[in-house]
Amino acid sequence: MQLHVKGKNLEVSDSIRSYAERKLSKLDKQVHALTRIEVELAVEKNPSVAANQVAEATVWLKGRHTLRAREATRDMKASIDELTEKLLRQIRDERDKKSARRKIDKHALDGDGTAPDF
């Protein structure tokens, strides 16, 4: 897994960068080694928005699948935590879809390994 953490409207400190890397390392067990993840941390400047600490991620999975997630809270670490949970759920759903397709394809074949005659 290749993880890239960058900031928008803020300088990403070493502590926040290491926190994001530690939390997002949970995804490493779920995805292929060539998966690329880009995390963008930002602070919204609008004073009327209370949840101004934003964490966004783009995950390029093996094949043509791309996942995106965005979380905004009052605390950057909480945003990263919620973002990680959302990405884990999306990856799990994607994996379940893939296994369901395999089961359908397997059952579509006859016992001798050929497609049924209609």
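## Whole chain

Residues 24 or more positions apart account for 50% of the contacts in the protein chain with a separation of 6 or more, a contact being heavy atoms within 4.5 Å. The model is predicted: local features need pLDDT of at least 70 and side-chain atom pairs count only at pLDDT 80 or more, while totals for chains, interfaces and linings use all residues. Residues are numbered from 1 along each chain as its sequence is written, and side-chain values use heavy atoms, with hydrogens and water left out.

Colour by secondary structure. The protein chain has two helices and four strands, in the sequence pattern β-α-β-β-β-α. These are DSSP runs numbered from the N terminus: helices are H or I with at least four residues, strands E with at least two.

Of the 118 residues in the protein chain, 30% are buried. Buried means under 20% relative accessible area, exposed over 50%, and partly exposed in between (1.4 Å probe, protein chains only).

## The sheet

Select the four strands. They form an open sheet in the order S1-S2-S3-S4, with mixed pairing; two strands pair if DSSP finds at least two bridges between them. Strand S1 (2-8) and S4 are at the edges with a single partner strand each, so one side of each has no neighbour in the sheet. From one strand to the next the twist averages 15°.

Axes are lines fitted to C-alpha atoms, for helices over the stretch in contact, and angles run from 0 to 180 degrees between N-to-C directions.

Now go to the loop between S1 and H1, where Asn 9 is placed. What is phi of Asn 9 near? The value is near 65°, positive in a residue other than glycine. Most residues other than glycine have a negative phi.

## S3 and its two partners

Select S3, a mostly covered strand in which six of its eight residues are buried. S2 and S3 run antiparallel and are joined by eight bridges; on that side, Ala 42 stands opposite Val 54 in S3. S3 and S4 also pair in the antiparallel sense, over eight bridges.

- Gln 53, with Thr 73 in S4 as bridge partner
- Ala 55, with Glu 71 in S4 as bridge partner
- Glu 56, opposite Arg 70 in S4

The S3 and S4 hairpin has five residues between the strands, and Gly 63 takes a positive phi near 95° there.

Next, centre on Thr 58 in strand S3. Thr 58 has a relative accessible area of 11% and therefore counts as buried. Its side chain and that of Arg 68 are joined by a polar contact of 3.2 Å. A polar contact is a pair of N or O atoms within 3.5 Å; within protein, one must be able to donate a hydrogen and the other to accept it, and residues adjacent in sequence count only if both atoms are side-chain atoms. Neighbours within four places in sequence aside, the contacts of Thr 58 include Arg 36, Ile 37 and Glu 38, as well as Thr 66 and Leu 67.

Then colour S4 by face. Leu 67, Ala 69, Glu 71 and Thr 73 make up the covered face, and Thr 66, Arg 68, Arg 70 and Ala 72 the uncovered one.

Centre on Leu 27. Apart from neighbours within four places in sequence, Leu 27 is in contact with Met 1, Ile 37, Thr 84, Leu 87, Leu 88 and Ile 91.

Finish at Ala 20 in helix H1. Ala 20 counts as buried because its relative accessibility is 0%. Not counting residues up to four places away in sequence, Ala 20 touches Leu 3, Val 5 and Ile 80. Ala 20 and Ile 80 are 60 residues apart in sequence, with 6.4 Å from C-alpha to C-alpha.
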